[in-house]
Each structure stands twice: as C-alpha cells, then as structure tokens.
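These are my notes from one sitting with a single model.

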Amino acid sequence: MEQDEDVTVMNISREDVEKGRLENYLREFKKYEKKKMRGKVTLIFNGYEQDRREIYQIREITNWVDRLLKNVPHLFYFLSRENYSMRIVFFCLSEVVGRSGVEVSITKEQGRRLIEKVAKSAVVYARKLKEPEEVQLVLAEGILDELGYEQTQQ
C-alpha cells in the first residue's frame, strides 16, 4: 500500500479480484480503522489497463467491491473523494443504466437508496468512534455531495 500525506492507495491486483481474495485487504482496513483514516483511501485496480471497459463495467470487480462492502459496511468512511475514488466504488455497487462521456446514469431510486445506505453506515461508524457531530455532518455531506444525492431527488 502506497501512502502520501493525504491519501493511501490500496492497490488491488487483478488476480486477487478474479480469485475473490479479500483477506489481505480486510486486514488493511483493520489498520485503517485503528488510524481513523477518514476520507483517505483510494482503491486502484491493477491489471485492467488494457481493458476498454470502465472499472464499474467489469463484473469481477463489481462482485469483489460488493463483497468488500459486505465485510466493511462503513467503507465510505474511508474512501477519498480524490480521483473520483468514492464515485467509482459507488458505480461498482450500482446498476449503471447508461453512459455518455464521463456522465454515468443509474436509476434514481436505486441510487438514492444506495447513497443513503453508504452514508448512514459511514456516519454510524464515525459516531461509534466518538467523532464530533460536526465531523459526522461533514462526512455525511461529503458523501452525499460526491455521489450526487441531490440529483436523485428530482
């Protein structure tokens, strides 16, 4: 795992994705929990550079991310907003129905429910860590903003 001042990059190998290996990454998240690394983790999927599909269009990755979320329900507490990391993970968990350039479409109902679920899990986790209410609020607002919650309201 690489680390700079603000963001820790979790490199995930194609082999681990294809074999469904989570154990090493779950151990890393345990370390992140001890360090309270809120908003500091970026997931990078290595070995897919030649694949023309977007990360969220690759079934093995979406299945892997889905399992990761089941094991780390407060995943979005850790995810960085840098490099669209949070958004990419969100799309991996969503049912993408369309794409135009960089704009990705999901159904509003499904998107809203998923955003509410991941934001709530992150805030519940922050509360468990006894983070101040202001921090919990900023965390929730950051997730809602990054994932486009307002767009699911129209």
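I am working with a predicted model. I looked up the second largest pocket and read its volume as about 230 Å³. I then listed its lining, which comes to 13 residues, and noted that Tyr56, Arg59, Ser94, Glu95 and Val96 are the closest to the centre. Next I asked which elements give two or more residues to this lining, and I found α3 (59–71) and α5 (85–93). Of the elements, α3 gives the most, with 4 residues. I sorted the lining of the second largest pocket by class and got 5 nonpolar, 5 polar and 3 charged residues.

On the α3 side I found Ile61, Thr62, Val65, Asp66 and Leu69 in the contact, and on the α5 side Val89, Cys92 and Leu93. By class I wrote down 6 nonpolar residues for this contact, with 1 polar and 1 charged.

How many salt bridges does the model have? I counted 14. I picked out one of them, between the side chains of Arg38 and Glu131, with N to O at 3.1 Å. I placed Arg38 in the loop between α2 (23–35) and β3 (41–46), and Glu131 in the loop between α6 (108–128) and α7 (133–146), so this pair ties together parts that are 93 residues apart in sequence.

Where does Gly20 sit? I found Gly20 in the loop between α1 (14–18) and α2. Leaving out residues up to four places away in sequence, I have Gly20 touching Trp64 and Arg67. I also took the C-alpha separation of Gly20 and Leu68, which is 9.9 Å for two residues 48 apart along the chain.

Terms used
Residues numbered from 1 in each chain as written. Predicted model: local features only at pLDDT ≥ 70, side-chain atom pairs only at ≥ 80, totals over all residues. Heavy atoms only, no water. 1 Å grid on protein atoms, 1.4 Å probe; cavity = no way out; pocket = protein on both sides within 12 Å on 5 of 7 lines; lining within 4 Å. Points joined across faces, edges and corners; volume = space filled by probe spheres on them. Nonpolar A, V, L, I, M, F, W, Y, C, P; charged D, E, K, R; others polar. Contact = heavy atoms within 4.5 Å. Salt bridge = Lys/Arg side-chain N within 4 Å of Asp/Glu carboxyl O.
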